[in-house]
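Me: I would like to go through this model with you. Could we settle the terms as we proceed?
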Amino acid sequence: MTRIVLTVFLFTIAKIGLGQQLNIDKIRKDYAEAVKDEDLCERNFDILDEGAKSTTERVYRAAYEILMAKHMGNPFKKISQFKEGKKHLEEIIKNNPNHIEARFIRWSVQVHAPSFLGYKDNIIEDKNFLVKNLHKLPNEEAKSIIYNYLKGANPYLKGGQVFAIAELKELAQ
């Protein structure tokens with residue numbers, strides 16, 4: 001009987017541990033959906049908070065930290081959460097200015113951030129950077145996810161934020 005209980009206990013512990021492994025491809029795919037899905041956002045943030053080590057993982061940790069603000073009720077906590085995630089993202093970009101996914105995340109956050117937060121300064125700069133550099137991203141799946149996100153967002157953009165047909169073609173390379 002003790003062996004059965006011990007086996008079940010160890011199996012449960014192993015299953016819980018494996019369920020929390022960081023899968024950056026899944027986290028990357030979940031990014032757009034996490035805006036609408038609080039549980040998904042919180043789950044991915046917790047996984048990243050525990051295990052983000054690479055620059056890309058830390059970029060997505062900052063992104064999910066920012067997204068968590070969207071799911072909070074208290075406006076003061078929302079702003080504080082947003083600012084903390086923004087601080088982490090900006091620190092990563094300062095240290096890695098050519099990190100393509102970091103620039104994509106900042107672009108997406110700034111495009112969707114309410115204007116009263118005052119976080120809109122790099123939209124055109126990041127847009128131009130992405131047009132010129134997305135093709136350099138070595139991960140084809142990441143490149144595809146980002147391209148589809150940018151292309152899908154285009155109808156909702158305004159003025160200089162809009163990707164011209166030539167820019168979309170360049171992004172598709």
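Reply: Let us begin with burial: a residue is buried under 20% relative accessible area, exposed over 50%, and partly exposed in between (1.4 Å probe, protein chains only). By that rule T56 is buried, because its relative accessible area is 19%.

Me: What kind of model is this, and how are the residues numbered?
Reply: This is a predicted model, in which local features need pLDDT of at least 70 and side-chain atom pairs count only at pLDDT 80 or more, whereas totals for chains, interfaces and linings use all residues. Residues are numbered from 1 along each chain as its sequence is written, and side-chain values use heavy atoms, with hydrogens and water left out.

Me: Back to T56. Where does it lie, and what does it touch?
Reply: T56 lies in helix α4. Leaving out residues up to four places away in sequence, T56 touches I24, R28, H99 and E101, where contact means heavy atoms within 4.5 Å.

Me: Which side chain makes a polar contact with the side chain of T56?
Reply: That of H99, at 3.1 Å. A polar contact is a pair of N or O atoms within 3.5 Å; within protein, one must be able to donate a hydrogen and the other to accept it, and residues adjacent in sequence count only if both atoms are side-chain atoms.

Me: What about the overall fold: how many helices and strands?
Reply: The chain has nine helices and zero strands.

Me: Why call α6 largely enclosed?
Reply: Because 12 of the 13 residues of α6 are buried, the helix is largely enclosed by the rest of the structure. The buried residues include R103, F104, W107 and Q110. Their cover includes α2 (24-34), α4 (55-70), α5 (75-95), α7 (123-133) and α8.

Me: Which residues touch the most other members of the largest nonpolar core?
Reply: In this core of 47 residues, they are Y31, Y60, Y64, F104, I105, W107 and L171. The largest share, nine residues, comes from α4. A nonpolar core is a set of buried Ala, Val, Leu, Ile, Met, Phe, Trp, Tyr and Cys residues joined through side-chain atoms within 4.5 Å.

Me: How many aromatic pairs are there?
Reply: The structure holds eight. Rings of Phe, Tyr and Trp (its six-membered ring) pair if their centres lie within 6.5 Å; planes under 30 degrees apart count as stacked, over 60 as edge-to-face and the rest as tilted. Y31 and F104 form an edge-to-face pair, at 6.2 Å centre to centre and 70 degrees between the planes. Y31 lies in helix α2 and F104 in helix α6, so the pair ties together parts that are 73 residues apart in sequence.

Me: Which residues do ring pairs link into a cluster?
Reply: The cluster holds Y31, Y60, Y64, F104, W107, Y149 and F163.

Me: Turning to α2, what caps its N-terminal end?
Reply: N23 does, with a side-chain oxygen 3.1 Å from the backbone nitrogen of D25. The buried residues of α2 pack against α3, α4, α6 and α8.

Me: Lastly, where is N154?
Reply: N154 lies in the loop between α8 (140-153) and α9 (165-172). N154 is buried, with a relative accessible area of 12%. Neighbours within four places in sequence aside, N154 is in contact with V162, F163 and L168.

Definitions and conventions. Helices (H or I, at least four residues) and strands (E, at least two) are DSSP runs, numbered from the N terminus.
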